[in-house]
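I opened my notebook to look a few things up in this structure.

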Amino acid sequence: MGHPRKARKKYDTPPHPWNAERIKTENKLMSKYGLKNKKEIWKADTLVRKYSREARYLLGFSQDQVKVETEELLGNLKRSGILDENAQLENILDLTVEDILRRRLQTIVFQKGLARTAKEARMFVVHGHIALNSKKLNSPSYVVKRGEEEAIGFYRSSPVAKQIEEHNKAATQAGENQ
């Protein structure tokens, strides 16, 4: 048992630290999703491996208890938006790190156009400009559930909202003029 005030590590580091191909793919993911460090990629990779391990375990059995556990695992991934509504247990084995990173609050803020870049989306979340159902969220790694995407917006007293709205308006007008 560890100390109750010290949380244990929620990720596994790569087995070999200096693999050039892995480093290149991690750097691409970091720039694409605006991540702070590679630890965030490793957390997502650990989640993918955990889900795949559980799916392989469940695929090996055919009992009533396995059916219940399968429904729980699939339900969790479907609610999180990581899998489609009609996904089967075999689809869990096809998950990638990008599937997990796409569901982060930081990424969805950028995709919705509330920020100009992924790094800016992270900054808005950390500085408290983003809200979910008018409740301020300041964790960029928050996994947005399937129904919560429409409820993401700026916090009511955020001074950034006007600037981004003006930027989006100018971008749409520039697109119409071309």
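Predicted model: local features only at pLDDT ≥ 70, side-chain atom pairs only at ≥ 80, totals over all residues.

**Entry 1: T96.** I found T96 in the loop between α3 (64-80) and α4 (97-101). Is T96 buried, partly exposed or exposed? Its relative accessibility is 38%, so T96 counts as partly exposed. I also looked up how far T96 is from L47. Their C-alpha atoms are separated by 9.6 Å, although the two residues are 49 residues apart along the chain.

**Entry 2: the whole chain.** Next I stepped back. I noted 7 helices and 3 strands in the chain. Reading along the sequence, I wrote down the pattern α-α-α-α-α-α-β-β-β-α. The C-alpha atoms fill a box of roughly 60 × 45 × 40 Å along the principal axes. The chain has 178 residues, and 39% of them count as buried. I then looked at contacts between residues at least 6 apart in sequence. Of these, 54% join residues at least 24 apart.

**Entry 3: two domains.** I looked up how the chain is divided. Domain 1 covers 20-101, and domain 2 covers 104-176. Their C-alpha centres lie 25 Å apart. The contact takes 15 residues from domain 1 and 10 residues from domain 2. Together the domains bury about 1000 Å² between them. Carbon and sulfur atoms account for 43% of that area.

How many salt bridges cross the interface of domain 1 and domain 2? The rule finds 3 salt bridges there. I also noted 10 residue pairs in polar contact between the two domains. Which elements supply the side of domain 1 that touches domain 2? I found that α1 (20-33), α3 and α4 each supply at least two residues. The most comes from α3, with 3 residues. Sorted by class, this side of domain 1 has 5 nonpolar, 3 polar and 7 charged residues.

**Entry 4: E40 and its partners.** Charge was my next topic. Side chains of opposite charge can pair when their charged atoms come close. I counted 12 salt bridges in the structure. In one of them, the side chains of R122 and E40 meet at 3.0 Å, N to O. R122 lies in helix α6 and E40 in helix α2, so this pair ties together parts that are 82 residues apart in sequence. Buried or exposed? I checked R122 and E40, and both are buried. E40 also meets the side chain of R104 in a salt bridge, at 3.7 Å, N to O.

**Entry 5: R103 and E149.** I found another salt bridge between R103 and E149. Their closest N and O atoms are 2.5 Å apart. The pair links distant parts of the chain, 46 residues apart. R103 sits in the loop between α4 and α5, while E149 sits in the loop between β2 (135-136) and β3. Why does R103 count as buried? Its relative accessibility is 9%, and buried means under 20%. E149 has 24% relative accessibility, so it counts as partly exposed.

Entry 6: I looked at R102 next. R102 forms a salt bridge with E98, and the closest N and O atoms are 3.9 Å apart. At 37% relative accessibility, R102 counts as partly exposed. E98 is partly exposed too, at 24%.

**Entry 7: helix α6.** I returned to α6, residues 118-126. I listed its buried residues as A118, E120, A121, R122, F124 and V125. An α-helix has 3.6 residues a turn, so residues three or four places apart point the same way. What covers the buried residues of α6? The cover includes α1, α2, α5 (105-111), β1 (130-132), β3 (152-154) and α7 (160-177). After α6 comes G128, with a positive phi near 85 degrees.

**Entry 8: S52.** My last stop was S52, in helix α2 (residues 38-59). S52 is buried, with a relative accessible area of 9%. I left aside its neighbours within four places in sequence and looked for contacts. I found S52 in contact with I92 and L93.

Note on methods: Residues numbered from 1 in each chain as written. Heavy atoms only, no water. Helix = DSSP H or I, 4+ residues; strand = E, 2+ residues; numbered from the N terminus. Buried < 20%, exposed > 50% of the residue type's maximum accessible area, 1.4 Å probe, protein only. Domains from an automatic or database assignment. Contact = heavy atoms within 4.5 Å. Buried area = accessible area lost by both parts, 1.4 Å probe. Salt bridge = Lys/Arg side-chain N within 4 Å of Asp/Glu carboxyl O. Polar contact = N/O pair within 3.5 Å; in protein donor to acceptor, adjacent residues only side chain to side chain. Nonpolar A, V, L, I, M, F, W, Y, C, P; charged D, E, K, R; others polar.
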